[in-house]
Amino acid sequence: MASVSVPAERPGGLLRRPHATTGWWSWFTTVDHKKIGILYGITAFGFFLIGGSEALLIRVQLARPDQTFLEPAVYNELFTMHGITMVFLVVMPLSAAFFNYLLPLMIGARDVVFPRLNAFSYWAFLFAGLFIYSSWFLGGAPNGGWFGYAPNSVTDPSVGMTFYAIGLLIAGIASTVSAVNLAVTVLNMRAPGMTLFRMPVFVWMGLVVQLLLAFSLPVITIGLTELLFDRLFGTHFFDVAAGGSPVLWQHLFWLFGHPEVYILVLPAMGIVSEILPVFARKPLFGYQFIVFSGIAIGFIGFGVWAHHMFAVGLGPVANTAFAVSTMIIAIPTGVKIFNWLGTLWNGDLRFATPMLFSIGFIAMFVIGGLSGVTHAVVPSDYQQTDTYYIVAHFHYVLFGGAIFGLFGGIYYWWPKVFGRMLSETWGKLNFWLMLIGFNMTFGPMHILGLQGMPRRIQSYPASLGLSFWNMVSSIGAFVIAISVLVFLINAISSFRKPKQMEADPWDARTLEWATSSPPPEYNFEEIPVVHSLDDLWHRKYAETEGGRVVPVAAGGSGETPSAGEHAGGDGGAGHGAGHAIHMPSPSYFPLIAAAGFPIVGYGLIFGRPAIVLGLVITLAGFFGWAMEPSSE
Amino acid sequence: MASLEHSVAPPVSDHAATSTGLPSLKLAMWLFLASDCLLFGALISTYVLYRGASTTGPFPADVFDIPFTSVSSFVLLASSLTMVLALAAIQRGDVGRSRVWLLATALLGMAFLGGQVYEFTSFVREGLTLKTNVFGTSFYVLTGFHGTHVAVGVLMLLTLFTLSFAGKITQDSAMTVELVGLYWHFVDIVWIVIFTVVYLIPTGNPGAGG
Amino acid sequence: MADTHVDEPTPEVHAPAHAGRHPGPKEYIRIAIILAAITAAEVAIYYLEGFKEVLVPMLFFFSFVKFTLVVLWFMHLKFDSRTYARFFVMGLAGAITLFLIVLLTFQVFSS
Amino acid sequence: MVLGLVALAVVAVACAPNATQSTLEPKGPYAQKSYDLFVPVFWVAVGIFVIVEGLLLLFVIRYRHRKNQTARIPAQVHGNTRLEIAWTILPTLILAGVAVPTIATIWDLAAKPTGDVLEVNVLAHQWWWEFDYPDQKILTANELHIPTGRPVYVTLCAVGFGYGTPVPSQGGPPAPNACQTGPPDGQPPAAIGAAVIHSFWVPELAGTQDVVPDLTNHLTIQADEPGVYEGQCKEFCGLSHAYMKFKVVAHTPADFERWVAEQQAPASPDVSGDAAAGKEIFLQTCTACHAVAGLETANGQPAIANGGPNLTHLMSRQCFRGCTLEVNDENLARWIADPRSVEAGSFMPDYGLTSDQIDQVVAFLNTLE
């Protein structure tokens, strides 16, 4: 394991090795999965506020018919950036934040398998986001939609879509690296006894998502490369006059784009599957079925991409095949929902904020799933595609689904991460405002779409009769904004409370609650040995012969058997109270290696010298990295 | 660029036991190669779609020099052999012989790249550039991507070769050589597909698909 | 997905990192000779008139054989843990299936 | 609460008073087919919605932890295989029930109509629609006139700026059923311009069909009653995507024949006064892009449409600029004076005409009836 290696005093190389693990500078050199998780979370939340503001501007423009608040050029940039931001810079990294922070803790590991690679992924993601956003000041933001359909994305004269292609390529590198890293972590870093089917569902969903990323990102990488070459070097990939095919772009985009939908929503499904049992005080109903349906969703998710292209003209054979595959994917999704209901059944339900968000998730996701099934009805989809009905559908999946789930996760794990509780009062206000605002904003969009409002229009005439519901929707958007504000207040004020949190405030079931809040740098003083699914619960409660569940006497059988007692322990790190545990040392090189990417990107747009400079920086970063031992 | 990240994996020997019993670096490498299959899958299918779709020449049959490319293919196949021999040597602890085979692999790789540069320049002389038609576009980008992979591999091989003089390549670091080897063979199998699909399978009439 | 079937050794009993037999140099050379011979054959049938009808299927067959030989022997998949093979096959089969479907929708093979 | 919202939504949809581009009010057999699938699937979805959300609500109320209740640890139920099988099979059956009519309708809609069919080529420009009637030799813009009760089989082609649509009277239209995706023989690729993807949509008459530069797509529409039906480009197509609308005007068969006869007539060559001056300006500037049948340039060449709408019968249309502006003197003058201030990214150049000149051109345009 890379995280534990022989300590050796070495003289510094080009750069003196950073040692500090505290202080603000340590955040730049950290390789600790928990710090990196927090960095992902904060960055993603920052982008969430920006992407949300873009949405508010869009809703102001659309509140009334025939408005001129935003001219078409700006409007197109705003809806494009809103999409890119929410997909690539908010939901994906927010999920990555949870995966980074929790996967090692949940499987009883001390870190991810390649800690420096993990830091590299974060920095590359951050630079990708900053690179894309710098376009606002350097000639115009991307304006061809997050889907960037060629040839419009090629022929558009503004520089925006070049930023789009390069920025997403960098983000793709970050995600690919992270996917390989986390998948291997889950497979290889599990504590003794943590078999695959003793892993929490969230870990399972993490594994599935990483595999989806690993297999879908290369496809969009090629699509973006081809787009970039068409824009920069005059190639003809999507140039019809030369024999190129814009439809190829759509295939490459949606081959990635549909698995991406599950990349966005499976993490939230995993979170909900963790929260429901804790607040129902009973195990997840149908654990294996939830796991298998998650795997099935991931697998089938690769076979449905052309349902985004029903109106393209692929012909009745293709449309039939993809209609059927799309309907099939609804089945495992339904299985998950029924199992969550089964978890609630006969539980002792306590409605703390995480539970509220999880139930909100189920309620809203059902709507998104059902409207999704109506898309599979192809002739009906001919009417609904590219209308606000679709906008409504995917917001019910990605906001009502992913964001609700992620907010639930934030409330649930906040005490673990920061050692402080979020206020329940503010939390409940946050939830109810968000639920109301969300339904006000996106519910009416179903109607707007069915009444003929196309997507991505900067304005609509009063004569179409769409004014009322658009106004309702815009008001709802501001209700959501207020709910996010409430969350911010809640988050900030939580830091004014003293840091004194017990390890297990929710009476939870999984391993991350077995260590202190926040966990020490090395996570566990002794690597736990796992005996069952929901191991922590079984340390706390026992079942009597009559089937009654009774708490185990404090300190009873709850003592943590350490891995040191077993032959396959963690490199002899099992004994002692932390002092003998060698964690990987901080490093500058992940940051340096990632810093070269945006510079290469600027070079591609503004001039060759920067390409060379960027490559030199990246190569220097990798070289220094390769020469540096993982810990000293 | 996507191929760079694996070269940065710290060359730690992976003796600590893992849950699957498999070394993490090797598992990561295989996952990366699996992912790379889709990268080349997308590129190759783009080429297959466009090989006969050009509206103007030159067309594939006008420029391809099969005997020359066959020699290139032999060179790359031979480099796979020298690569496994380098690995076999280091696993026996024979650093000296391993070093020779590593160098041979790198040199064969460079010979292949040299052949590609020669091929590209002669195609350009015959009027086929990246911008000429969709055949040129998809051909150069596909083979260029592959060539970049080869170049990265050569860089890693030369790094190993250099490190061996500093005494950093020992029997314990056989895993590092094995990882570079896996990558190298992957580049080879991609070329096996490219050689068949791009060069050998004849194109239909210009302008007609397939 | 195949990863659900990852062999699960009990944590106490770890399989050694290099399970199975690695072939020796002689075997490698033998494989390389076969590979070279197949490549020669590929080029030969490309030029020979008599193979026009069966050229494409034969080329695919030869390519497949070469591919498989390199993967199984040089990349040791034949001798290593099946887990690696499962990952690789997942990627490979995924790529082949997905892109064949894409090309089918373009009716590339119908002309 | 959620239930209430949905109920409200259903009611609102049912009595939406003034939506003029609605998918919920089919006015022809092809739109009806989509609608007839949507409605039952919608109610099935509502049924599932009510069951699932109802159960959720029921459990939430029934099993909530009460304030003064003693702590209870519920039975640790791990699952139930029979239930799992049930809720896997049941949705499968429902979906199979949905799939059968879906597939039947996919093939039904994809078939080319037979019998008495009107064929129209639709050319999608950035950001306006051109309608080419190959059999009637009519070229018009932004308003698609069709007879009622007769299927209209449209061929959808995306074209770029600079694409010269052949004027029917000079060499004929593009062959029906095939878009010209490559440049005409002997011309550089730029001759077809840079086309982008659009989508042709008249919700009251049929579902959408994308207009893709490398594909020749078709769609059948039909109106049962005379009337004006709103249409709009649905696929994002650049700066002024929101302003790429059109109207379908359905006439009785007799009225349609009358309209055809009117449109086939060339423009009257005799104009006087301001209009005559305007005609001279038109010939010097506007004919770079716009054609008017029957009009000859100074050197005796016919005016060819080369990127802009054919204006032969401009005054017979209600709207221009992607059918988002009414045809009247004020709008025309504003448009000619500064096209880009009216339409973002417009391909129509500003010739810097004086306001007198603009009035003269508008006077001439008024003669194009």
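Let us begin with helix α2 (residues 33–62) of chain A and helix α15 (residues 467–494) of chain A, whose axes lie 9 Å apart and pack at an angle of about 155°. Angles over 145 degrees count as roughly antiparallel, so α2(A) and α15(A) are roughly antiparallel to each other. The crossing in which α2(A) passes α15(A) is left-handed. Keep in mind as you look that this is a predicted model.

Which residues make the contact between α2(A) and α15(A)? From α2(A) come Gly52(A), Ala55(A), Leu56(A), Arg59(A), Val60(A) and Leu62(A). On the side of α15(A) you will find Asn470(A), Ser473(A), Ser474(A), Ala477(A), Phe478(A), Ala481(A) and Val484(A). Sorted by class, the contact of α2(A) with α15(A) holds eight nonpolar, four polar and one charged residues.

## A parallel pair in chain A

Another pair to find is helix α11 (residues 353–376) of chain A and helix α14 (residues 424–450) of chain A, with axes that come within 9 Å and cross at roughly 10°. Angles under 35 degrees count as roughly parallel, and α11(A) and α14(A) are therefore roughly parallel to each other.

In α11(A), the residues that meet α14(A) are Thr353(A), Leu356(A), Phe357(A), Gly360(A) and Ser371(A). Their counterparts in α14(A) are Glu424(A), Gly427(A), Lys428(A), Phe431(A), Leu435(A) and His446(A). Four nonpolar, five polar and two charged residues make up the contact of α11(A) with α14(A).

## A sheet in chain D

Now move to chain D, where five strands form an open sheet with mixed pairing, in the order β3-β2-β1-β5-β8. Which strands stand at the edges? They are β3 (138–141) and β8 (217–221) of chain D; each has a single partner strand, so one side of each is left without a neighbour in the sheet. From one strand to the next, the twist averages 25°.

Strand β5 (residues 152–158) of chain D is joined to β8(D) by five bridges, and the two run antiparallel. To see where they line up, look for Thr155(D), which stands opposite His218(D) in β8(D).

## Where the chains meet

Chain D and chain A touch through 86 residues from chain D and 84 residues from chain A. On the side of chain D that touches chain A, the elements giving two or more residues are α1 (2–14), α2 (29–62), α3 (81–110) and β7 (209–211) of chain D. Of these, α3(D) gives the most, with 16 residues. This side of chain D divides into 52 nonpolar, 25 polar and nine charged residues.

Chains B and C also meet, with 43 residues of chain B in contact with 45 residues of chain C. Here α1 (24–50), α3 (66–92) and α6 (174–200) of chain B each give two or more residues to the side that touches chain C. The largest share, twelve residues, comes from α1(B). By class, this side of chain B has 26 nonpolar, 15 polar and two charged residues.

## How confident is the prediction for chain A?

Chain A has a mean pLDDT of 91, and 93% of its residues reach 70 or more. Over residues 1–14 of chain A, however, the pLDDT is below 50, and this stretch has 38 contacts in the model beyond near neighbours in sequence.

Residues 555–578 of chain A also stay under 50 in pLDDT, with 51 contacts in the model beyond four places in sequence. Where pLDDT is low, the predicted coordinates should not be read in detail.

Conventions. Residues numbered from 1 in each chain as written. Chains lettered and ligands numbered in written order. Predicted model: local features only at pLDDT ≥ 70, side-chain atom pairs only at ≥ 80, totals over all residues. Axes fitted to C-alpha atoms, helices over the stretch in contact; angles between N-to-C directions. Helix = DSSP H or I, 4+ residues; strand = E, 2+ residues; numbered from the N terminus. Parallel < 35°, antiparallel > 145°, perpendicular 65-115°, else oblique. Contact = placed C-beta atoms within 7 Å. Nonpolar A, V, L, I, M, F, W, Y, C, P; charged D, E, K, R; others polar. Pairing = 2+ DSSP bridges. Left-handed = near helix turned anticlockwise from the far one by under 90°. pLDDT = per-residue confidence, 0-100.
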